[in-house]
Amino acid sequence: MPRDKSQINNNVEISNSKTEEVNDLNTSKIVNPKSEILNHKVSALSMSSIRAKKELEAQLKPQEKLHDELPIEPFTETQMLEQWIKYANRLGDKGYKILESLLLLNDPKLDGTTIIHELPNESSKIDFEGEKHDLLGYLRGKLHNHNVTIDIIINEKIELKKAFTVQEKYERLKGLNPALELLRKTFDLDL
């Protein structure tokens, strides 16, 4: 079936306009901010080069989350203790036995989002402070709460009293159990 020249010309015009659109889409550049800044020729010591460098650094710098955007989920003392013990065991497995023993010395208490840990002396506190940052990062991640803090209390009153004489031993036991005096009197026992 013969076609009209006008119909053929229309088809050619339509196909030409479509290829132009396709060519426009194919030739569009994807703008890379780094290459856009670097393509400008500027003097190394000019104000524009310093500005360009700062813009580049700002664009390449990873976006830090604001403190308001970090997770703050509630947690219980049991959950905190579980993660505390896991971290201590992990330190022990790595060979940090002193730090493991400092963490497992006693159970920390929870006051809101503040963990209160009691240590026996200043040197223990210094050792603990070295690991505190990593411990906080671990707990904040596992508990999904970035408001967690750790307070260290030094309790030097923890001392072991040794009883050497019979009378000292009896007085110590009587302090633990006052009924011991009644038992001694009932059976008329001597010290």
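## Overall architecture

From the N terminus on, the elements of the protein follow the order α-α-α-α-α-β-β-α-β-α-α. That order comes to eight helices and three strands. The model is a predicted one.

Of the 191 residues in the protein, 20% are buried. Among contacts with a separation of 6 or more, 60% are between residues 24 or more positions apart.

## Packing of α4 against α6

Two packed helices are described by the angle between their axes and the distance between the axes. For helix α4 (residues 77–94) and helix α6 (residues 122–143), the axes come within 10 Å and cross at roughly 130°. An angle of over 145 degrees would be needed for the roughly antiparallel class; α4 and α6 are therefore oblique to each other. Their crossing is right-handed.

On the α4 side, the contact is made by Q79, M80, Q83, W84, K86, Y87, R90 and L91. On the α6 side, F128, E131, D134, L135, Y138, L139, K142 and L143 take part. By residue class, the contact of α4 with α6 divides into nine nonpolar, two polar and five charged residues.

Searching the whole structure gives two aromatic pairs. One of them joins Y87 and Y138, whose ring centres are 5.0 Å apart. The planes of these two rings stand at 45°, so the pair is tilted.

Y87 belongs to helix α4 and Y138 to helix α6, and the pair links distant parts of the chain, 51 residues apart. Both tyrosines, Y87 and Y138, are buried.

## Packing of α4 against α5

Helix α4 also packs with helix α5 (residues 97–104), at an angle of about 160° and with the axes 7 Å apart. Angles over 145 degrees count as roughly antiparallel, and α4 and α5 are therefore roughly antiparallel to each other. The crossing of α4 and α5 is left-handed.

From α4, the contributors to this contact are W84, I85, Y87, A88, N89, L91 and G92. From α5, they are K97, L99, E100, L103 and L104. The contact of α4 with α5 divides into eight nonpolar, two polar and two charged residues.

E181 lies in helix α8 (residues 179–186). Its relative accessibility is 18%, and because buried means under 20%, E181 counts as buried. With residues up to four places away in sequence not counted, E181 touches Y170 and K174.

H144 is not a glycine, yet has a positive phi of about 55°. This histidine is placed in the loop between α6 and β3 (149–154). H144 has a relative accessible area of 39%, so this residue is partly exposed.

D188 is likewise not a glycine and has a positive phi of about 50°. Its location is the segment after α8. With a relative accessible area of 66%, D188 is exposed.

Methods:
Residues are numbered from 1 along each chain as its sequence is written. This is a predicted model: local features need pLDDT of at least 70, side-chain atom pairs count only at pLDDT 80 or more; totals for chains, interfaces and linings use all residues. Side-chain values use heavy atoms; hydrogens and water are left out. Axes are lines fitted to C-alpha atoms, for helices over the stretch in contact, and angles run from 0 to 180 degrees between N-to-C directions. Helices (H or I, at least four residues) and strands (E, at least two) are DSSP runs, numbered from the N terminus. Angles under 35 degrees count as roughly parallel, over 145 as roughly antiparallel, 65 to 115 as roughly perpendicular and the rest as oblique. A crossing is left-handed if the near helix is turned anticlockwise from the far one by less than a right angle, and right-handed if clockwise. Contact means heavy atoms within 4.5 Å. Ala, Val, Leu, Ile, Met, Phe, Trp, Tyr, Cys and Pro count as nonpolar, Asp, Glu, Lys and Arg as charged, and the others, Gly among them, as polar. Buried means under 20% relative accessible area, exposed over 50%, partly exposed in between (1.4 Å probe, protein chains only). Rings of Phe, Tyr and Trp (its six-membered ring) pair if their centres lie within 6.5 Å; planes under 30 degrees apart count as stacked, over 60 as edge-to-face and the rest as tilted.
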